[in-house]
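This report covers helix packing and pockets in one protein model. Please look over the sequence and the structure before reading on.

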Amino acid sequence: MSTREGRADRATHTTACRTTTWPQLLVGFVVVYGVLAVGTALDSTARLGLLTLAAVLVAAACTERLQTRAAGAEIRARLGLGRPGVVALLAATAVSLLVLAVHPVTAALTGNPVTLRPDWPWLLVGAFAVHGLAEELVWRGFLFRRLRADHAFWPAVWWSVPFIAAAHVPIVLTAGPVVGLGAVLVAAVTSAPLSYLYEWGRRTLWAPALVHTAIDSFKVVDVPPGATTSFSLSLIAVSLAAPLLVFLLPRGQAGGTALLRPPSRRPRDDDHPLTRRSRHRDR
């Protein structure tokens, strides 16, 4: 990349992010989340998860292109599909294992076996595609990233919570008030630790996607009817507590991103490792 091309690319990247308006954010969110909502409504089992993920990726990339004029590797980096941080992945793996432990623990406590469904490998791939990558692309790769461009970490999290909680309200109607309200609470509370993993992991989706998939891993198991309520409540409790452990990670520099940076020092997209490498080559 030439010096002129590198400077033009960085200027477009930074300016587009900083000039995102609330109308642009809302319109973009409606488009990207709308595609995700339609995909999950048509396939609640996640068996077609890869198709839903592909549709969300196309919608997000097109929205980013139209609103910011970004292209290629820049769009990929903005949407959180770059190289993740190893520490973030390790932390996410540990948290995910804690969440997954609810399956054998609940089975032991209730005496009711929780078994894997016959096609669980494919269901797990679909769950990771939809509840991991696709949902995290909407919540962190699009919504939180846009908010974070003009706010410190915690204000950006608080602004994202109403969007995330509202999107989970329909579960109250489909799964009942107890499980539904629990799902809304989990979605709201985990917004903070998943956003923390997103930033810790070089502003990529991979680490939060692992934890998000573990929380929705109930789609790959069969629970006896008599244990459904106890299993659901146990999963809600563990999903609320375990992700908060990521805040034990140090708050300093993480993956090239200064965590909890105050609004006076806005997080710029040209702070992203991909853009910094481009700037280094230009020199």
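At what angle do α8 and α10 pack, and how far apart are their axes? The model is predicted, and in it the angle is about 155°, with the axes 8 Å apart.

## Helices α8 and α10

An angle over 145° counts as roughly antiparallel, and α8 and α10 are therefore roughly antiparallel to each other. The crossing in which α8 passes α10 is right-handed.

On the α8 side, the contact is made by Val161, Ile164, Ala165 and His168, and these meet Ala183, Val184, Ala187 and Ala188 in α10. By class, this contact of α8 with α10 has seven nonpolar residues, one polar residue and no charged ones.

## Helices α5 and α6

The axes of α5 and α6 are 5 Å apart, and the two helices pack at an angle of about 20°. That makes α5 roughly parallel to α6, since angles under 35° are counted that way.

Leu98, Val99 and Leu100 in α5 are in contact with Val102, His103 and Pro104 in α6. Five of the residues in the contact of α5 with α6 are nonpolar and one is polar, with no charged residue.

## Helices α6 and α13

Helix α6 spans residues 102-110 and helix α13 spans residues 228-241; their axes come within 10 Å and cross at roughly 140°. That makes α6 oblique to α13. The crossing of this pair, α6 and α13, is right-handed.

From α6, the residues involved are Val102, His103, Thr106 and Thr110, which meet Ser230, Phe231, Ser234, Leu235 and Val238 of α13. The contact of α6 with α13 consists of four nonpolar and five polar residues, with no charged residue. Val102 and His103 of α6 take part in this contact with α13, and Val102 and His103 also meet residues of α5.

## The largest pocket

The largest pocket holds about 1200 Å³ of space. Its lining comprises 43 residues, and those nearest the centre of the pocket are Ile171, Ala183, Asp216, Phe218 and Lys219. Ala183 is also one of the α10 residues that meet α8.

Which elements each supply at least two residues of the lining of the largest pocket? They are α2 (22-42), α7 (120-148), α8 (153-168), α9 (170-175), α10 (177-189), α11 (191-200), α12 (206-215) and α13. The most is given by α13, with six residues. Sorted by class, the lining of the largest pocket has 24 nonpolar, 13 polar and six charged residues.

## The second largest pocket

The volume of the second largest pocket is about 300 Å³. It is lined by 15 residues, with Leu100, Leu124, Ala214, Ser217 and Val220 closest to its centre.

Two or more residues of the lining of the second largest pocket come from each of α5 (86-100), α7 and α12. Of the elements, α5 gives the most, with four residues. The lining of the second largest pocket has 10 nonpolar and five polar residues, and no charged residue. In the largest pocket, by contrast, six charged residues are part of the lining.

Definitions and conventions: Residues are numbered from 1 along each chain as its sequence is written. This is a predicted model: local features need pLDDT of at least 70, side-chain atom pairs count only at pLDDT 80 or more; totals for chains, interfaces and linings use all residues. Side-chain values use heavy atoms; hydrogens and water are left out. Axes are lines fitted to C-alpha atoms, for helices over the stretch in contact, and angles run from 0 to 180 degrees between N-to-C directions. Angles under 35 degrees count as roughly parallel, over 145 as roughly antiparallel, 65 to 115 as roughly perpendicular and the rest as oblique. A crossing is left-handed if the near helix is turned anticlockwise from the far one by less than a right angle, and right-handed if clockwise. Contact means heavy atoms within 4.5 Å. Ala, Val, Leu, Ile, Met, Phe, Trp, Tyr, Cys and Pro count as nonpolar, Asp, Glu, Lys and Arg as charged, and the others, Gly among them, as polar. On a 1 Å grid over the protein atoms alone, a cavity is a set of points where a 1.4 Å probe fits but cannot get out, and a pocket is an open set with protein on both sides within 12 Å along at least five of seven lines; lining residues have an atom within 4 Å of a point. Grid points are joined across faces, edges and corners, and a volume is the space filled by probe spheres set on the points.
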